[in-house]
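Okay, thanks for making time, everyone. I'd like to walk you through one model today, so let me put it up on the screen.

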Amino acid sequence: LGQTGLLFAGISLGNYAAPIPAKTDDVVGASLGYQFFFEGAKQQVIWELGGFNETKDERRGTIGTGLRYQKALDQHWIFLLDGFVAKQEGERTSQGARSELLIKF
C-alpha cells in the first residue's frame, strides 16, 4: 500500500514512519484524496483519508487523515508541510507533523 497515497508513504528519513503502516500481507486498504491548486499551481494543498483492515487473524484496522501544504519557492526549491491523525484499533490515536525544504536539480 506504500504507493497508494500520502498516509501509506514513508519518508525514509530517520525514524519517521508512514502515518498508516504499509503492510503487504493479508490486508485490504485504500485512500481517497483531493488536491487544491493556488497561484497557478505554485501552491498546493492535498487532503487525504485512508485506511486498511487485516484479512486474517485479529482483523485489526487503521484509519487516518492527512494534510500536505506544498509551495514552490522558485524553480529548484519546494517547501512542504505535512500533518496527520491516525487511529489503530486497540491503540491510542497518533498524530504528527513535519516540514521539509526540498531542492531539485
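Strands themselves are DSSP runs of E with at least two residues, and helices are runs of H or I with at least four, all numbered from the N terminus. With that in hand, look at β3, residues 61-72, and β4, residues 77-88: they pair in the antiparallel sense over eleven bridges.

Before I go on, the housekeeping. This is a predicted model, so please keep in mind that local features need pLDDT of at least 70 and side-chain atom pairs count only at pLDDT 80 or more, while totals for chains, interfaces and linings use all residues. Residues are numbered from 1 along each chain as its sequence is written, and side-chain values use heavy atoms, with hydrogens and water left out.

Now the overall fold. The five strands make an open sheet in the order β1-β2-β3-β4-β5, with antiparallel pairing. Which strands stand at the edges? That's β1 (27-38) and β5 (93-103); each has a single partner strand, so one side of each is left without a neighbour in the sheet. From one strand to the next, the twist averages 15°, where axes are lines fitted to C-alpha atoms and angles run from 0 to 180 degrees between N-to-C directions.

Back to the pairings. A72 has I78 in β4 as its bridge partner, and the β3-β4 hairpin has four residues between its strands.

E39 is partly exposed at 49%, and A41 is partly exposed at 42%. For the protein as a whole, 27% of the 105 residues count as buried.

Last topic: the surface. Y34, F36, F38, W47, L49, I63 and L67 form a nonpolar patch with about 700 Å² of accessible area together. To be in a patch, a residue needs over 30% relative accessible area and no salt bridge; nonpolar side chains (Val, Leu, Ile, Met, Phe, Trp, Tyr) are joined within 5 Å, like charges within 9 Å. A salt bridge is a Lys or Arg side-chain nitrogen within 4 Å of an Asp or Glu carboxyl oxygen, and the areas are Shrake-Rupley with a 1.4 Å probe, counting only the protein chains shown as cover for residues.

β1, β2 (43-54) and β3 each supply at least two patch residues, and the largest share, three residues, comes from β1. L67, in β3, is partly exposed at 47%, and F36 is partly exposed at 39%.

How many aromatic pairs does the structure hold? One: Y34 and F36, edge-to-face, 4.7 Å centre to centre with 65° between the planes. Rings of Phe, Tyr and Trp (its six-membered ring) pair if their centres lie within 6.5 Å; planes under 30 degrees apart are stacked, over 60 edge-to-face, and the rest tilted.

Key. Pairing = 2+ DSSP bridges. Buried < 20%, exposed > 50% of the residue type's maximum accessible area, 1.4 Å probe, protein only.
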